[in-house]
Amino acid sequence: MEPSVFPSFSLWDPLLLVVVTLMGTLLAYIPDARWKAFILGLPFPFTISNLSLGLPVGPSQILGIASLLLFVQQVRLLHLLAKLPIVPAILISDATYVALALILNRLLPNNAAIFWIAAGLVLATGLVLLFAQTQRREAEHRSPLPLPIKVVAIAAVVIVIVLLKNLLGGFMAVFPMVTTIAAYEARKSLWTISAQIPVLMITLGPMIAAMWLAQHLLHASIPLSLLAGWATFLAILLPVSWWRMRGTGPQ
């Protein structure tokens, strides 16, 4: 079925706006880049976005994680190597994510084989990057931008994505709503932010896989499948975060 070009709205959409705004504000006031990265990896927007979509998980959610990796690396390359100011770098990277999502959501077959191939590739890539990337202690930073301007900017991002959610499909659930804010607030510590994406790949990927199993094998509703997903996510995130925060991970 062709995705509808007309926007649809859910009672979950205002909650998504509130949650992303709160997470973005929290990122602005936490100076430590490691904690910014940790908050970035919490899938509250993903959870609410899936409830808003009201669709079973599929390949688009999994490949959205790969697109998120591309987003962060593109921001780093444009800002640090191409010397582009951070705001244009973020906007170009957001546009790239949306363009890829619009194309892939329209063309990508939604079947079990594609889902599990994509899930395996995302998990394998995340593990390789997790051990390959070194951790750096980067400078603490808090943005001086006034809070009302930040709130308006965050709201604008969320509203645009909600308007496009039918066209983005599952990619909407992984769109870098919070990561867009994190990239701006942590523009002096982009390495730390980018190093969190492999953690997201090995936590959010299995979370989506657990949701898929619950939905397709147990015929669980979306809320119940999210409970299974969160249990899987936390079972992986907590030991990995402890390992990295203690400095026993790659240095």
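**A buried lysine, a cavity and aromatic pairs**

Author: K165 is buried, with a relative accessible area of 2%, and this value, like the others here, comes from a predicted model. The cut-off for buried is under 20% relative accessible area, so K165 at 2% falls in that class. K165 sits in helix α8, which covers residues 165–168. The side chain of K165 makes a polar contact of 3.2 Å with the side chain of D13. D13 is also one of the residues that K165 touches, once residues up to four places away in sequence are set aside.

Searching the whole structure gives one cavity of 30 Å³ or more. The volume of the largest cavity is about 170 Å³. Its lining consists of 17 residues, and those nearest the centre are L40, L42, P45, F175 and L200. Four helices each contribute at least two residues to this lining: α3 (44–53), α9 (171–174), α10 (177–185) and α11 (190–217). Helix α10 gives the largest share, with three residues. By class, the lining of the largest cavity has 15 nonpolar residues and two polar ones, and no charged residue is present.

The second largest pocket can be described in the same terms. The space in the second largest pocket comes to about 430 Å³. It is lined by 22 residues, with I90, L91, A153, V157 and T180 closest to its centre. Two or more lining residues come from each of α5 (86–107), α7 (147–163) and α10. Helix α7 supplies the largest share of this lining, eight residues. Sorted by class, the lining of the second largest pocket comprises 17 nonpolar, two polar and three charged residues. The structure has seven aromatic pairs. In one of them, W35 and F38, the ring centres are 5.5 Å apart and the planes meet at 75°, so the pair is edge-to-face. Both residues belong to helix α2 (residues 33–40), where they are three residues apart, about one turn of the helix. W35 is partly exposed, at a relative accessible area of 42%.

The rings of W230 and F233 form an edge-to-face pair because their planes stand at 70°, with the centres 5.6 Å apart. W230 and F233 lie in helix α12 (residues 222–245), again three residues apart, about one turn of the helix.

Notes:
Residues numbered from 1 in each chain as written. Predicted model: local features only at pLDDT ≥ 70, side-chain atom pairs only at ≥ 80, totals over all residues. Heavy atoms only, no water. Buried < 20%, exposed > 50% of the residue type's maximum accessible area, 1.4 Å probe, protein only. Polar contact = N/O pair within 3.5 Å; in protein donor to acceptor, adjacent residues only side chain to side chain. Contact = heavy atoms within 4.5 Å. 1 Å grid on protein atoms, 1.4 Å probe; cavity = no way out; pocket = protein on both sides within 12 Å on 5 of 7 lines; lining within 4 Å. Points joined across faces, edges and corners; volume = space filled by probe spheres on them. Nonpolar A, V, L, I, M, F, W, Y, C, P; charged D, E, K, R; others polar. Phe/Tyr/Trp six-rings, centres within 6.5 Å; stacked < 30°, edge-to-face > 60°.
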